[in-house]
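Please examine the sequence and the model displayed below. A tutorial dialogue on reading their features follows.

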Amino acid sequence: MGSISVYILPLFLLAVFIMAFINKTNAFDHFVEGAKEGMRTTVSLVPNIVGMIVGIKVFLASGIVEAIAKLLDPILTAIGVDAHVLPLMFLRPLSGSAALSVTSDLLSIYGPDSGVGRLASIMQGSTDTTIYIITVYFAAVGLSEMKHALKLGLTADLIGFIAAIVSVSIFFG
Amino acid sequence: MIHKIWMGLFAIGIVYGFFNGTTSAVNDAILAGAQEAINLLIYLAGIMVFWTGILQVANHAKMLDLLCKLLTPVTRFLYPKLKPNHPALKYLTTNMVSNLLGLGSAATPTGLKAMKELQATNPEPTRPSFEMYTLLVMNTAGFTLIPTTIIGIRHMYHSQNPSEVFLPILFASGVTTVGGLLIHNIYSRMKKIPSSGDVTVRKRQERR
């Protein structure tokens with residue numbers, strides 16, 4: 001699959017340029033015009049992202065995620081889930097890069113084909129960085145009412161984790 | 001809400017650091033975190049600038065219209081209240097396609113464009129509209145056909161079969177998407193969340 005996905009972006013770009021040529025549009029002018037807007041959007045997001053990331057870093061550095069994981073360990077063991085994936089469950093909604101580093105840690109320690117490795121792979125692949133997406137998407141249009149969005153996003157993450165656990169037992173049970 | 005989470009992250013991190021003896025790590029995080037955020041933004045800026053530019057070309061070259069036409073049945077189902085000529089539909093479709101193909105980098109610019117178009121016809125500009133929540137679920141559920149990143153990492157650690165998680169991920173993210181959409185629809189109907197497609201509401205407000 002990895003080799004096919006390499007072709008997707010180049011093919012998409014090629015298709016865009018072929019369509020632009022057929023429709024006789026001035027591709028570069030439109031590119032610059034659109035890119036300027038992208039630049040403005042990114043600059044307007046700087047304060048939101050800087051503020052959020054420092055907060056997340058402080059939270060993670062205190063080591064509280066590991067402490068909570070230890071606390072919940074007996075419950076998870078009872079339902080047959082390896083507690084080593086707990087830090088991943090807490091980090092996944094908060095930070096994409098932190099979650100990715102936890103996943104690659106788990107895969108390097110336990111091996112990608114172990115139970116933990118498979119569960120971590122599926123969890124990593126089947127949810128996304130909820131808090132980041134909400135911050136960026138809502139800040140871009142100046143919306144401040146995020147209460148419901150957060151509830152919705154985090155509930156979806158919870159469903160995702162449960163679905164990942166179920167999925168492992170269906171496909172590798 | 002987000003401000004409470006934000007302050008909570010700091011307060012909990014700092015106070016727990018005192019008890020856990022990790023204050024020096026917390027201190028490092030305060031100093032280095034902002035720098036890391038800027039690094040991420042510079043990475044994001046390159047992608048954003050390039051892809052919003054390409055999207056504009058694709059839009060003028062009628063490429064997005066084509067994509068939109070092909071995926072009409074899906075978007076009709078997900079965004080039933082948007083008129084077929086709503087400007088957000090093109091970006092909603094492109095956003096969905098980028099997510100499906102595992103191109104997270106192309107998904108953010110298209111998602112932001114869609115948010116802006118949805119906000120333009122939002123009857124209550126201070127409240128997120130029904131379609132915005134749908135877009136959010138579609139993005140946070142991570143429904144993807146080709147999970148490139150995770151297959152890459154599995155390959156890196158010498159998995160016997162890196163893509164064996166392909167179907168399980170499809171299943172899990174599919175369940176998440178359906179579950180998220182279900183909860184979203186039930187809640188939105190209960191709370192009467194406004195829709196960006198409610199042109200009648202918009203006209204009434206303009207008259208006032």
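**Reading the model**

Chain B has an average pLDDT of 84, and 91% of its residues score at least 70; pLDDT is the predictor's confidence in each residue, from 0 to 100. This is a predicted model, in which local features need pLDDT of at least 70 and side-chain atom pairs count only at pLDDT 80 or more, while totals for chains, interfaces and linings use all residues. Residues are numbered from 1 along each chain as its sequence is written, chains are lettered from A and ligands numbered from 1 in the order in which they are written, and side-chain values use heavy atoms, leaving out hydrogens and water.

Q: Which elements of chain B have the lowest and the highest mean pLDDT?

A: Helices (H or I, at least four residues) and strands (E, at least two) are DSSP runs, numbered from the N terminus. In chain B, the lowest mean pLDDT, 50, belongs to helix 10 (residues 199-207), and the highest, 91, to helix 7 (residues 130-140).

Q: Is helix 7 of chain B mostly covered or mostly uncovered?

A: A residue is buried under 20% relative accessible area, exposed over 50% and partly exposed in between (1.4 Å probe, protein chains only). Helix 7 of chain B is mostly covered, with 11 of its 11 residues buried; among them are Phe130(B), Met132(B) and Leu135(B). Gly142(B), with a positive phi near 65 degrees, follows this helix.

Q: How is a pair of aromatic rings described?

A: The description uses the distance of the centres and the angle of the planes. Rings of Phe, Tyr and Trp (its six-membered ring) pair if their centres lie within 6.5 Å; planes under 30 degrees apart count as stacked, over 60 as edge-to-face and the rest as tilted. Over all chains, the structure holds 6 aromatic pairs. Phe28(A) and Phe31(A) form a stacked pair, because their ring centres are 6.1 Å apart and their planes lie at 25 degrees. These two residues are 3 residues apart in helix 2 (residues 27-61) of chain A, so about one helical turn separates them. Phe28(A) is exposed at 58% relative accessibility, whereas Phe31(A) is buried at 18%.

Q: Which pair joins two chains?

A: Phe171(A) is in helix 8 (residues 147-172) of chain A and Phe171(B) in helix 9 (residues 166-191) of chain B, so their pair joins two chains. The ring centres of Phe171(A) and Phe171(B) are 6.1 Å apart with planes at 65 degrees, which means that the pair is edge-to-face. Phe171(A) is partly exposed at 36% relative accessible area, as is Phe171(B) at 32%.

Q: Where do charges sit over rings?

A: The criterion is NZ of Lys or CZ of Arg within 6 Å of the ring centre and within 35 degrees of the ring normal. Arg118(A) lies over the face of Phe172(A), 4.1 Å from the ring centre. In chain B, the charged end of Lys81(B) is over the ring of Phe130(B), at 5.6 Å from its centre.

Q: How many residues does the largest nonpolar core have?

A: In soluble globular proteins, nonpolar side chains tend to be buried together. A nonpolar core is a set of buried Ala, Val, Leu, Ile, Met, Phe, Trp, Tyr and Cys residues joined through side-chain atoms within 4.5 Å. The largest one has 97 residues, and those with the most contacts inside it include Tyr137(A), Phe138(A) and Met115(B). Leaving aside neighbours within four places in sequence, Met115(B) is in contact (heavy atoms within 4.5 Å) with residues including Tyr137(A), Phe138(A) and Met132(B).
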